[in-house]
Amino acid sequence: MSEDPETGFAELVAATNYSFLRGASHPAEMVAEAIALGMTGIGIADRNSVAGVVRAWAFLKEQQVKRPEVVEGFRLVVGARLVFADGTPDIVAYPVSRHGWGRLTRLLSTGNLRAQKGDCILELQDLLGHCDDLLLIATGGDEALLRTLKQARRKSVWLAATMSRSGADARRLIELERLSAATGVPLLATSDALYARIAQRPLHDIITSIREGTTVQKAGKLLRANGERHLRSPAEMARLFKNHPKTIEQSTKLLACIQFDLEDLRYEYPHEPVPPGWKPFPYLHHLVKTAAERRYGTPLQPKVRRLVGNELRLIRRRGYVYYFLTVYDLVRFARAQDPPILCQGRGSAANSIVCFLLGVTSVDPMKHDLLFSRFVSAERDEPPDIDVDFEHERREEVIQYIYDRYTRDRAAIAATVIHYRPRSTIREVGKALGFSEDVTARLADTSWGSWGDEVPVERLIEAGLNPHNGEIERLHRFVGELLKAPRHLSQHVGGFVLTEGRLDELVPIHNAAMEDRTFIEWDKDDINALGLMKVDVLALGMLTCIRKCFDLMRAHDLGNHTLEVDIDCDDPEVYGMLQKGDSIGVFQVESRAQINMLPRLRPEVFYDLVVQVAIVRPGPIEGDMVHPYLRRRNKEEPVEFPEPSPPHPPDELHDVLGKTFGVPLFQEQAMKLAMVAADFTPEEANGLRRAMATFRNVGTIENFREKMIGGMVARGYKQDFAERCFKQIEGFGSYGFPESHAQSFARLVYVSSWIKHYHPAVFACGILNSQPMGFYAPAQLVRDAREHGVEVREVDVNDSHWDNSLERRADGSLALRLGFRQVDGFREEWAAQIVDARSAPFASVEELARRAGLPSRALRLLAEADACRSMGLERRPALWDARRVRQGVLPLFGAAETDELGAEEDAGLPPTPMVEHVLTDYQTTRLSLKGHPMAFLRRDFAREGVLSAAEVAAAKNGSIVRTAGVVLIRQRPGKGNAIFITLEDEGGVVNILLWARHFERYRRAVMASRLMLAEGEVQRSKEGVIHLMATRIVDRTAMLDTLGSDRRFDPDVCRADEVRHPQHPRGYAAKHGHPRDVRILPKSRDFH
Amino acid sequence: MRIASVGAKAEGVGLRVGMPLADARAQIGELSVVPFDPVLDQDWLDRLAQGCARYSPLVALDAPDGLILDIAGTEHLYGGEAELVRDVEMRLARLGMTLRHALGPTADAARALARYQTRPAPDEGQAIRRLPVAALELEAEATTALVRAGLKTIGDLASRPMANIAARFGADAAMALRRLLGDAPSPLAPRIALPPVVADRRFAEPLGSTPHATKVLAELVDEAIEELGERGKGGRHFRATFFRSDGLARSIAIETGHPTRDTGLVMRLFAERMDSLADPLDPGFGFDMIRLAVPRLEALGASQLKLEGGAVRAANEVAAIDELADRLATRLGRGRVRRLRPADTHIPEQAQLALPAADAPPPLPWPAPEAGEPATRPFHLFDPPQPIEVIAEVPDGPPHHFRWRRQAHAVRRYEGPERIAAEWWRRRDNGGLTRDYYRVEDAQGRRFWLFRHGLYDEKPDPRWYIHGVFA
C-alpha cells in the first residue's frame, strides 16, 4: 500500500442513461471517458437495473480488439444501484462471482415482479436475503445500517465518500471517517457520477425537468446546484481527497475482489424436448434422419447426406442441439393443435436442411438451391437465428405453451429498448425548456416524411422557425443529444429466451404491460453480444388468412391442404395471374409498386418470386440494380459480370452473382461481394453484415465505405460499379432482404396467389376474416373479388354469421356472404345470439329483438346497415321499426312469444334514393355492393370532359386527359421526388404520379381531397403499366357533399396511404416504435 | 391540437372545426393560428350582451357565440324590426363582427332559424318547417337516424304523429319539436349583471362639518358591508365620493390586501387616508350627498370562531399583520410596502422576491434550516456583491487573505467551497460562470461570505467578491 496517488483510481458509483431520466450518458460513453481519464476501471451501476451493463461490456470488448494498448488492464465491473422503498439509503452492489450475479438478478427480479411495469420495489430485508457474493457500497452515513451490512457481508462493505461541493464537505467527510472507524467499514472515494463529462450538466437538467414534469426555469432546487457529478481523473480525485488518501486506494482494492465478468454467463437451452431415454444429439440425429428418409427416400442421395452431416456436425460442435430441439418442440406443438396453427420459419435457418427436415421451414434446400449457406457459418461465432412466424390470431397460444412448458422461471420475452422518438423528444425537451405547446407541436407534427436519427435544420425552417434563434438552437441541440438515449424498456414482439436453469439468475425479469407476460432486461443486441440464444415467436397475418382459407376449402370439399410441402410452386396459371399484376391481397406483392413491377418482371418460376419479393426494396433501388436486372432478365442487355483486372480470376463473381444475372440483389450477395471483390476477411464481412442489420448503427456502415470501394477499385473493378454496390449495402441498412428470407416469403406469395387464382371466393373470405392486415381496405378486397367473378351477397340477419362466409350458388360455385363483422360497431356476441336464435327465419325487427335478445343498439346497427331485406324491410322502414323496439322484453309478452307493441299506422316514409343507399352503405359497412359514389357524379363529370378510369386505360399514350375519383392511396416514397396517388371510380383505378415540383402548388388538394380531379399526360410503359403524369390536381370533394348525405362521405383509404396513416421507414420503427406497434413483418415503403 | 374555430376564408379552402392542426398545416403552408381561449370569448360575448342592453332589457346568452334578445315591445323605439336589425348590424360591423340573425315568434324558433336556416321561405312558419332536423339539436345518433329514415326537415317530422316520434326518439325530441313549432313555451334566461355595491345618502340641508360627514360615511360603510355579507363577498376597494352643494365632488379611495367586511378596518383606512391628504377635504358650502361604492368584490366566507375558543389567534395574528400592511400601504403608497417570498433557485440573490404586500399571493413556507447546521446564508446580501482582492490557493482552495474596503483581513477559519453553477438556460451560450462560496472568519472573529466568480477552467483569472456579512 503506497501513499502514491499513482496507485490508480476506479470510479465505482457510475450511473448511465439506463437509469432512466436520471443518468445522462450512454454506458459506452461512460466507459470511453473512464478510459480516457486513465482510470484503473469503472463500475457501472444503474438504478435497480442491469439493463445497460452489456452495452458497456460490449464497448470495452470492442476497444480491447481495436486499441489493446490503450485499454490494457482497464477493468469494468457491473452491478446495480439498489434504491429501496423503505427509506434505506441507496446501496451499490457488485457481484464477485457468477453466483453473486445470480443473487443480484434474483434480488432485482423480486423487486420488479412485486411492482407494476417499470418499477422495482425493494426493501433492505430483500438485500439481506440475497447478499451472498455481493460487494456493497453504502451511500448514506447511517451507523445502524452499516453495522447490519457489516454483519451480513463482513469484509465486503464500503461506505461511499463524495466531494459534492455543497459547502460542508470537509466536515461531512470527517463525520464519515469517524463512522468508518467506529464500524470498521472502509471509506471509498467516488464521484457518484450521473454523466461522463461536466459539459453534460445541461442535458442532465433537461432530463431532470422531464422527469419532474416541469421546466428548467421553474425546476429550481429540483436541479442540482452544480455539475459535479461527472467522472474525474485519478489525479483530480487524489487532489480532492488529499486528506483522505486511503479512500482512493479502496477503489482498486474493491476492484481486485471481483472476479466476475459477463463472459461467465453461459447458459443452456432447456432439456425438456428430449424424450426420456434419449441423449440430445442422437435424438436430433434420429429426427432428422427419419424425416430425410421420409422425404427423399432410402438410401439418401449423397448430396443430402453430405448436407445433413455437415450441419449436424456444426450444430453439435457449437452446442446448439438443445436450441434446435426447442424450436422443433414449438413447431411440433403448433402443428399438433386442433386445428393446427400454421407456422413457418425464416431467418438464416431458412437455408438449413435440418430446419427444413424438422418442419421449421418449408423451403426445400434441395429443390431451391440457395446461394450460400449463411446458416451458422464457421467464421461466425454467433448463435443461429431462427424466427418462426405463427398465425397472428393464435400466436398467444404458442406463447402460453412456452410459459406452461418451461415455467415463468425459465422463459421470458426479450426486452426492446425504447429510444427517444423525434416527435416526442421535441415535445418533451421543448416543454422542459419552457416552449409553448404550439411551437413544439408545429415542429413535431409534419404529415409526411419522417425523422431519422436527427432533426435536420430544414425541418426547423419548414416549420417556420428561425434556426438561428438562440432558443430554437438550444431546443435543436438538446433534442439531438437526447435522441440517442434509451427511454424505457418494453417487451420485444416475440423473442423468447429460454433456459435450463433459473432465468432470473441470469438476468432480472420484469412484469410487462400485458397481463401474464414477463420480459427480461436485455434486448436482442445484448443477447447477441453475450452469445445467448433466443427464438423469435412472431405473428404473421397472412398465415392466419391462409389457414382460414384452408379451413374454408376443407369445409366446402375443395381439398385438404396444409402449408407443408404439398403445393408445388410451378403452376403456370398462377404465374400468369401474377404477370398481369393481378395481386390485390396477395402476400408481399400487393403494393402499388409491386403491382407495377410484376408485369415488368413477369415471374415464371419460383425463384422469380424470390427476386420479386426482394427487388422492390430500398437496397436494390438505391443501388440502382433494378433496371439492369430487368433488362438482363428480359434479354435486352447481355449478361456481363464485372471483372477485376489480372491477375485476379476474371470470373470470380460468377458464383456470387450468377443466379441474378450479374446484378447483386440480396444481402448475402453484397456481403460475399465484399469478401471476394474487396478482400474483406470473413470477420470484416460479418461486421459489415452486422452494420447492415443493426439499424441503430447506421453510422458504423460508413466505416466500411472506404475499404469496400477502395478494395474493389484496387482489384480493377469500375469505380461506378463499386459505388453502386456500396450504395446498395447502405440501402440494406434501412431494409435489407437476405435471400433466405425472400425464399420463405416467396412461398407464401405463391400459396396466397394459388388460392386467389383457383378459389377467389375462398381467398376473399379468408382475407376479410383476417382483417386488419395487408394493404387494402375491405372495399377494395370485395371489389377485387367481384372483378374475379365472385358473387358477393349483402349482410343479412337471416343469412350472415359473424365472419364472412361462403354459400353455394345454384350453379355450384361459391358466393361470398358478408358477415356481421363488416358492420361498424357490431359485436361478436350479438352475432352469436342471432345465429343461435335463427331456427326459423326472422320475420320482423321486433321478433328478431325478442328471439335473439338483442339490445336496441344492435338492432339499429343492423337496420342502418340494410341487413333486414330478407324480412321485407329496406333500410328506412327497418330503421323506423328498430327505433321503436324498447330495451328488454316484458316477461308476459316474452313468455307468450308474442309481439308487445301494438299496431301503428304506417309512417309513410319516403323511399330511399339509390345514391343515399350507397353512401349509407359506406358509412355503415365501409363498402357498398349497390354501386360506387362516382357513378352518381359521372354525368356531371362527363359533361366536363372528365374521363373514367376505364377510358384512361384506353387512352392513347401521351394524350392529355382529366380524370377524377375517390382517393385510395397517397404515398411519397424514397427521396420524395414524386407523389403517388391512386384514385378509384366505379370502373377501376387510375395511378397518378405527381412530381414534387408541382406538389407545393397543389399541396392542399393533394393532402385534403377525398374526391380528386387530376389532369395530365397518360404514360403507358411497354409492359402496359399506365400512369397519369399529373400537372394539375383539383380538390372536388365538394361534389361528394352535393350527393346529399347526412354525414360526410369519408371512404376508407388504404392502409398504405401515408397521409392518413403516416408510415415510417424500417429504421424508424425499429429504433423508435413501441414494440406493440411495430409491424412484425416490416412493410417496405414503396419504391419504383 | 385541433381547430376550434375557422374564419370564412379558412372555411373556403376546406379547413374545418375539429381538424387536427397538423393536418391543416400540411394542407395550407401559411396559416395564422391563435390559441383558443374560451374565457376570453365568453368575456367578449358578455360585453356584447351588455351593449345589446340598449335594444332590450331581456338579453340572454346563447354560448359560445350567440345572443337572444327579446325585442317584443321595444322595436318601435327603432322604427320597427328591420330598422332595429340594421342598427345591430351596423354597430357589430364596427366591432369587426359578422352577424347572422333571425327573428322568430319564440326564442327557440329564432335561434334555430339563425343557426340552421339554409333556404329562404315566404314566411316564418314555412321557414321553420324547412329547417333541417339538426335544428332540433338531438344527439348526433338520433339526428342521423332521422335523416336515414328519410325525415330530413322539421316539416317532415311535424307531419307525422307526435306519438310515433316520441316512441322512437324520446319525449325530449317531441318537446324540442313542439318548442320549435311554437306549440310549447321556450323560456328565456336573461343575463343580469351584478351591480357593484353602492350606498348613498342625500341631505336636505348640506353638511358643513367633516367629522359629521365621516360619521355618515361610517353608516354607509355599515350598510354596504351588510349587503356584502348577504352576498358572501368582501370588498377590496372602497370609494367614497363627497358631492358638494356647489357641484364639485371629491373622491377618496382605499384598498385592502384581502377582501374584508370589517367596518372598523375600512373606517381606519379612510381615516389614515384623510389624515394623509395633502389637500384636506373641504366641505365648502356643505355636502349635499355622500356616496360609497365598492367597485371590487371578492368572495369571502363567514368567519367562524373555533369551538374550543382562542385557537383563531394564529389567524388573528396574520390578520393583524395584513391590517398593518394595509394601513402602511394606504399611508405610504402600495408599492412601498413589500413582503418577502422565497423563490426556488440555487442563486443566492434570487432566492427571495419582494412583492407589494397588497398583491402578494399567500405566503410560502421558508425552507427550515437543518438542525445543528450553521446558517449558510448571511441575513443581508450586498447588491451587487463587492469586489475584493484575495490571496487563495489555485484552483479551488480557500482564501487566505482578502482586502475589502481597503482593509486587510486574514482568514483564520473557513468552510467551503459551496459550488453554485450558473443557470445556463438564461444564457445564449448555455454557459455562465460557476461560483465557489466560502464562509470565512477573520482574526477578529468576523464572518464573511466570499465567492470566487468562475472556475479556473472557465476563466483564466476569476475575480473574488464579498456577498454578505454574517452577524
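Colleague: How much area is buried between chain B and chain A?
Modeller: This is a predicted model, and the totals for interfaces use all residues. Carbon and sulfur atoms give 48% of the area buried between the two chains. The whole area buried between chain B and chain A is about 4900 Å².

Colleague: Which three residues supply more than any other three of the area that chain B buries against chain A?
Modeller: Chain B brings 47 residues to the contact, and chain A brings 60 residues. Three residues of chain B supply 19% of the area that this chain buries against chain A. They are Arg148(B), Arg168(B) and Trp424(B).

Colleague: How many salt bridges does the rule find across the interface of chain B and chain A?
Modeller: A nitrogen-to-oxygen distance within 4 Å is needed for a salt bridge. The side chains of Arg171(A) and Glu373(B) meet at 3.1 Å, N to O, and form a salt bridge. Across the interface of chain B and chain A, the count is 10 salt bridges.

Colleague: Which elements give two or more residues to the side of chain B that touches chain A?
Modeller: Between the two chains, 27 residue pairs are in polar contact, both residues being at pLDDT 80 or more. The side of chain B that touches chain A divides into 21 nonpolar, nine polar and 17 charged residues. The elements of chain B that give two or more residues to this side are helix H2 (21-27), helix H7 (140-148), helix H9 (162-169) and strand S11 (407-420).

Colleague: In what order do the five strands of chain A close into a barrel?
Modeller: The pairing in this barrel is mixed. Neighbouring strands of the sheet are turned by 55° against each other on average, direction ignored. Strand S21 (residues 1011-1020) and strand S22 (residues 1026-1035) of chain A run antiparallel and are joined by nine bridges. The order in chain A is S18-S19-S20-S22-S21.

Colleague: Which are the edge strands of the seven-stranded open sheet in chain A?
Modeller: The order of the open sheet in chain A is S1-S2-S3-S4-S5-S6-S7, with mixed pairing. Each edge strand pairs on one side only. The edge strands of chain A are strand S1 (10-14) and strand S7 (187-190).

Colleague: At what angle to S7(A) does helix H11 of chain A run?
Modeller: Helix H11 (residues 245-257) of chain A lies across S1, strand S2 (41-47), S3, S4, S5, S6 and S7 of chain A. The angle between H11 and S7(A) is about 95°.

Key:
Residues are numbered from 1 along each chain as its sequence is written. Chains are lettered from A and ligands numbered from 1 in the order in which they are written. This is a predicted model: local features need pLDDT of at least 70, side-chain atom pairs count only at pLDDT 80 or more; totals for chains, interfaces and linings use all residues. Side-chain values use heavy atoms; hydrogens and water are left out. Contact means heavy atoms within 4.5 Å. Buried area is the accessible area (1.4 Å probe) that two parts lose on being put together, summed over both. A polar contact is a pair of N or O atoms within 3.5 Å; within protein, one must be able to donate a hydrogen and the other to accept it, and residues adjacent in sequence count only if both atoms are side-chain atoms. Helices (H or I, at least four residues) and strands (E, at least two) are DSSP runs, numbered from the N terminus. Ala, Val, Leu, Ile, Met, Phe, Trp, Tyr, Cys and Pro count as nonpolar, Asp, Glu, Lys and Arg as charged, and the others, Gly among them, as polar. Two strands pair if DSSP finds at least two bridges between them. Axes are lines fitted to C-alpha atoms, for helices over the stretch in contact, and angles run from 0 to 180 degrees between N-to-C directions.
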